[in-house]
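Subject: Structure handover

Hello,

Here is the structure you will be working with. Have a look at it first, then read my notes below.

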Amino acid sequence: MELHPDCERILFTPEQIAAAVDGIAQRLNADYAGKTVYMVCILKGASTFYSDLVRRLTFDVRFDFMCVSSYGSATASSGAVCIRKDLDSSIKDMDVIIVEDIVDSGLTMRYLTENLLSRDPKSINICALMDKPSRREVPVEVKYSGMEIPNAFVVGYGLDYAERYRNLPYIAVLRREIYAPAACTK
Ligand code: IMP
(Lines give C-alpha, C1' and ligand atoms only; values in the text may rest on other atoms or scores of the structure.)
Protein backbone atom coordinates (compact mmCIF):
# COMPACT_ATOMS: atom_id res chain seq x y z
CA MET A 1 0.00 0.00 0.00
CA GLU A 2 1.37 3.39 -0.96
CA LEU A 3 2.06 5.73 1.94
CA HIS A 4 0.96 9.36 1.48
CA PRO A 5 4.13 11.50 1.22
CA ASP A 6 2.99 13.72 4.13
CA CYS A 7 2.91 10.68 6.41
CA GLU A 8 5.82 9.17 8.30
CA ARG A 9 4.53 5.60 8.73
CA ILE A 10 1.40 3.52 8.78
CA LEU A 11 0.24 2.84 12.33
CA PHE A 12 -2.74 0.64 11.45
CA THR A 13 -3.50 -1.04 8.14
CA PRO A 14 -7.10 -1.40 6.92
CA GLU A 15 -7.01 -5.02 8.11
CA GLN A 16 -5.85 -4.05 11.60
CA ILE A 17 -8.55 -1.37 11.78
CA ALA A 18 -11.20 -3.89 10.72
CA ALA A 19 -10.03 -6.29 13.44
CA ALA A 20 -10.26 -3.51 16.06
CA VAL A 21 -13.76 -2.54 14.89
CA ASP A 22 -14.79 -6.23 15.05
CA GLY A 23 -13.51 -6.48 18.62
CA ILE A 24 -15.44 -3.40 19.73
CA ALA A 25 -18.60 -4.61 17.97
CA GLN A 26 -18.40 -7.99 19.73
CA ARG A 27 -18.18 -6.34 23.13
CA LEU A 28 -21.04 -3.97 22.35
CA ASN A 29 -23.19 -6.83 21.02
CA ALA A 30 -22.63 -8.74 24.26
CA ASP A 31 -23.26 -5.76 26.57
CA TYR A 32 -26.26 -4.25 24.76
CA ALA A 33 -28.06 -7.39 23.52
CA GLY A 34 -31.82 -6.82 23.46
CA LYS A 35 -31.56 -3.08 24.02
CA THR A 36 -32.37 -0.06 21.91
CA VAL A 37 -29.26 2.08 21.78
CA TYR A 38 -28.85 5.67 20.72
CA MET A 39 -25.51 5.77 18.91
CA VAL A 40 -24.14 9.30 18.72
CA CYS A 41 -21.52 9.83 16.01
CA ILE A 42 -19.20 12.75 16.65
CA LEU A 43 -18.64 14.45 13.30
CA LYS A 44 -16.59 14.59 11.29
CA GLY A 45 -13.72 12.42 12.47
CA ALA A 46 -15.76 9.43 13.73
CA SER A 47 -17.93 9.11 10.60
CA THR A 48 -15.86 6.37 8.92
CA PHE A 49 -15.52 4.37 12.14
CA TYR A 50 -19.24 4.82 12.86
CA SER A 51 -20.36 3.55 9.48
CA ASP A 52 -18.15 0.46 9.79
CA LEU A 53 -19.17 -0.16 13.42
CA VAL A 54 -22.96 0.12 13.13
CA ARG A 55 -23.06 -2.48 10.36
CA ARG A 56 -21.59 -5.03 12.78
CA LEU A 57 -24.11 -4.37 15.57
CA THR A 58 -26.94 -6.79 16.19
CA PHE A 59 -29.08 -4.82 18.69
CA ASP A 60 -31.60 -2.09 17.85
CA VAL A 61 -29.52 0.95 16.84
CA ARG A 62 -30.74 4.52 16.54
CA PHE A 63 -28.55 6.93 14.56
CA ASP A 64 -27.78 10.50 15.53
CA PHE A 65 -24.95 12.92 14.87
CA MET A 66 -23.32 15.75 16.73
CA CYS A 67 -20.75 18.13 15.39
CA VAL A 68 -18.52 19.82 17.92
CA SER A 69 -15.47 21.94 17.52
CA SER A 70 -12.98 22.68 20.20
CA TYR A 71 -11.03 25.87 20.36
CA GLY A 72 -7.29 25.53 20.48
CA SER A 73 -4.41 24.92 18.12
CA ALA A 74 -4.84 22.68 15.09
CA THR A 75 -3.39 19.69 16.95
CA ALA A 76 -4.47 20.27 20.58
CA SER A 77 -7.83 21.15 22.06
CA SER A 78 -8.40 23.77 24.75
CA GLY A 79 -11.47 22.23 26.37
CA ALA A 80 -13.80 25.03 25.28
CA VAL A 81 -16.23 23.16 23.05
CA CYS A 82 -18.81 24.61 20.69
CA ILE A 83 -21.78 22.49 19.54
CA ARG A 84 -22.18 23.15 15.80
CA LYS A 85 -24.86 20.51 15.30
CA ASP A 86 -26.87 19.08 18.17
CA LEU A 87 -28.81 15.81 18.42
CA ASP A 88 -32.11 15.62 16.55
CA SER A 89 -34.05 13.92 19.36
CA SER A 90 -34.27 13.65 23.11
CA ILE A 91 -32.08 11.02 24.79
CA LYS A 92 -34.11 10.98 28.02
CA ASP A 93 -34.19 7.42 29.44
CA MET A 94 -32.17 6.08 26.48
CA ASP A 95 -29.01 3.99 26.54
CA VAL A 96 -26.49 6.21 24.78
CA ILE A 97 -23.10 5.44 23.26
CA ILE A 98 -20.88 8.30 22.13
CA VAL A 99 -18.84 7.17 19.12
CA GLU A 100 -15.61 9.13 18.84
CA ASP A 101 -12.53 8.76 16.66
CA ILE A 102 -9.84 9.46 19.24
CA VAL A 103 -9.59 10.61 22.85
CA ASP A 104 -6.56 12.80 23.43
CA SER A 105 -6.62 15.28 26.35
CA GLY A 106 -10.13 14.07 27.23
CA LEU A 107 -11.47 17.63 27.33
CA THR A 108 -13.94 17.15 24.46
CA MET A 109 -15.33 13.92 25.92
CA ARG A 110 -15.61 15.40 29.39
CA TYR A 111 -17.60 18.33 28.03
CA LEU A 112 -19.83 16.07 25.92
CA THR A 113 -20.57 13.50 28.63
CA GLU A 114 -21.46 16.26 31.10
CA ASN A 115 -23.64 17.94 28.47
CA LEU A 116 -25.45 14.72 27.51
CA LEU A 117 -25.80 13.55 31.13
CA SER A 118 -27.75 16.72 31.87
CA ARG A 119 -30.39 15.41 29.39
CA ASP A 120 -31.21 12.42 31.67
CA PRO A 121 -30.22 9.39 29.57
CA LYS A 122 -30.59 5.94 31.18
CA SER A 123 -26.89 5.28 30.60
CA ILE A 124 -24.01 6.78 28.68
CA ASN A 125 -20.71 5.24 27.60
CA ILE A 126 -17.86 6.29 25.37
CA CYS A 127 -16.67 4.18 22.46
CA ALA A 128 -13.51 5.45 20.77
CA LEU A 129 -11.52 3.81 18.01
CA MET A 130 -8.27 5.14 19.46
CA ASP A 131 -7.09 6.36 22.82
CA LYS A 132 -3.95 8.34 23.67
CA PRO A 133 -3.85 7.83 27.47
CA SER A 134 -0.43 9.48 27.82
CA ARG A 135 -1.98 12.82 26.72
CA ARG A 136 -4.87 12.81 29.19
CA GLU A 137 -5.48 16.08 31.06
CA VAL A 138 -8.81 15.16 32.65
CA PRO A 139 -10.00 11.69 33.63
CA VAL A 140 -12.45 10.16 31.16
CA GLU A 141 -13.66 6.58 31.14
CA VAL A 142 -13.36 5.22 27.61
CA LYS A 143 -15.26 1.98 28.19
CA TYR A 144 -14.89 0.70 24.63
CA SER A 145 -11.56 1.50 23.06
CA GLY A 146 -10.12 -0.12 19.94
CA MET A 147 -6.45 0.73 20.08
CA GLU A 148 -4.15 2.59 22.42
CA ILE A 149 -1.67 4.73 20.55
CA PRO A 150 1.49 6.63 21.53
CA ASN A 151 1.72 10.41 21.61
CA ALA A 152 1.68 11.08 17.85
CA PHE A 153 -0.60 13.02 15.55
CA VAL A 154 -2.43 10.57 13.32
CA VAL A 155 -4.55 10.96 10.20
CA GLY A 156 -6.66 8.78 7.92
CA TYR A 157 -9.81 6.64 8.29
CA GLY A 158 -11.80 9.82 8.98
CA LEU A 159 -9.17 11.73 10.97
CA ASP A 160 -7.82 14.93 9.51
CA TYR A 161 -5.28 17.61 9.78
CA ALA A 162 -6.73 20.90 8.45
CA GLU A 163 -9.52 18.89 6.76
CA ARG A 164 -7.05 16.79 4.75
CA TYR A 165 -6.25 13.06 4.76
CA ARG A 166 -9.68 11.86 5.99
CA ASN A 167 -10.02 9.55 3.00
CA LEU A 168 -6.82 7.55 3.57
CA PRO A 169 -7.83 3.90 4.11
CA TYR A 170 -5.17 3.41 6.84
CA ILE A 171 -4.20 5.35 9.97
CA ALA A 172 -0.78 6.96 9.69
CA VAL A 173 1.48 9.22 11.71
CA LEU A 174 1.60 12.66 10.10
CA ARG A 175 5.07 14.07 9.48
CA ARG A 176 5.88 16.64 12.12
CA GLU A 177 7.01 19.21 9.56
CA ILE A 178 3.45 19.24 8.14
CA TYR A 179 1.78 20.38 11.37
CA ALA A 180 4.66 22.09 13.20
CA PRO A 181 6.92 23.55 10.49
CA ALA A 182 8.41 26.23 12.78
CA ALA A 183 9.37 23.71 15.47
CA CYS A 184 11.24 21.67 12.88
CA THR A 185 13.49 24.47 11.67
CA LYS A 186 15.31 24.49 15.00
P1 IMP B 1 -9.35 16.02 23.11
O2 IMP B 1 -10.43 16.98 23.51
O3 IMP B 1 -7.98 16.60 23.35
O4 IMP B 1 -9.49 14.64 23.72
O5 IMP B 1 -9.41 15.91 21.55
C6 IMP B 1 -10.30 15.14 20.88
C7 IMP B 1 -10.41 15.56 19.43
O8 IMP B 1 -9.19 16.09 18.90
C9 IMP B 1 -10.70 14.33 18.60
O10 IMP B 1 -12.08 14.15 18.46
C11 IMP B 1 -10.05 14.64 17.28
O12 IMP B 1 -10.96 15.33 16.47
C13 IMP B 1 -8.91 15.56 17.63
N14 IMP B 1 -7.64 14.81 17.69
C15 IMP B 1 -6.94 14.46 18.77
N16 IMP B 1 -5.83 13.80 18.43
C17 IMP B 1 -5.84 13.69 17.08
C18 IMP B 1 -4.95 13.09 16.13
O19 IMP B 1 -3.91 12.49 16.44
N20 IMP B 1 -5.33 13.21 14.83
C21 IMP B 1 -6.45 13.86 14.41
N22 IMP B 1 -7.31 14.42 15.28
C23 IMP B 1 -7.00 14.35 16.60
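Start with helix α1, residues 14–31. The end C-alpha atoms are 26 Å apart, which agrees. Helices (H or I, at least four residues) and strands (E, at least two) are DSSP runs, numbered from the N terminus.

This is a predicted model: local features need pLDDT of at least 70, side-chain atom pairs count only at pLDDT 80 or more, and totals for chains, interfaces and linings use all residues. Residues are numbered from 1 along each chain as its sequence is written, and side-chain values use heavy atoms, without hydrogens and water.

Next, the cores. A nonpolar core is a set of buried Ala, Val, Leu, Ile, Met, Phe, Trp, Tyr and Cys residues joined through side-chain atoms within 4.5 Å. The largest has 34 residues. L28, M39 and F49 are among those with the most contacts inside it. Helix α1 gives the most to this core, six residues. A second, separate core has 22 residues, including M66 and L112.

Last, the sheet. Three strands form an open, antiparallel sheet in the order β1-β9-β8 (strands pair if DSSP finds at least two bridges between them). β1 and β8 (154–155) stand at the edges with a single partner strand each, so one side of each has no neighbour in the sheet. V155 stands opposite A172 in β9.

Best wishes

Technical notes:
Expected span 1.5 Å × (residues − 1). Buried < 20%, exposed > 50% of the residue type's maximum accessible area, 1.4 Å probe, protein only.
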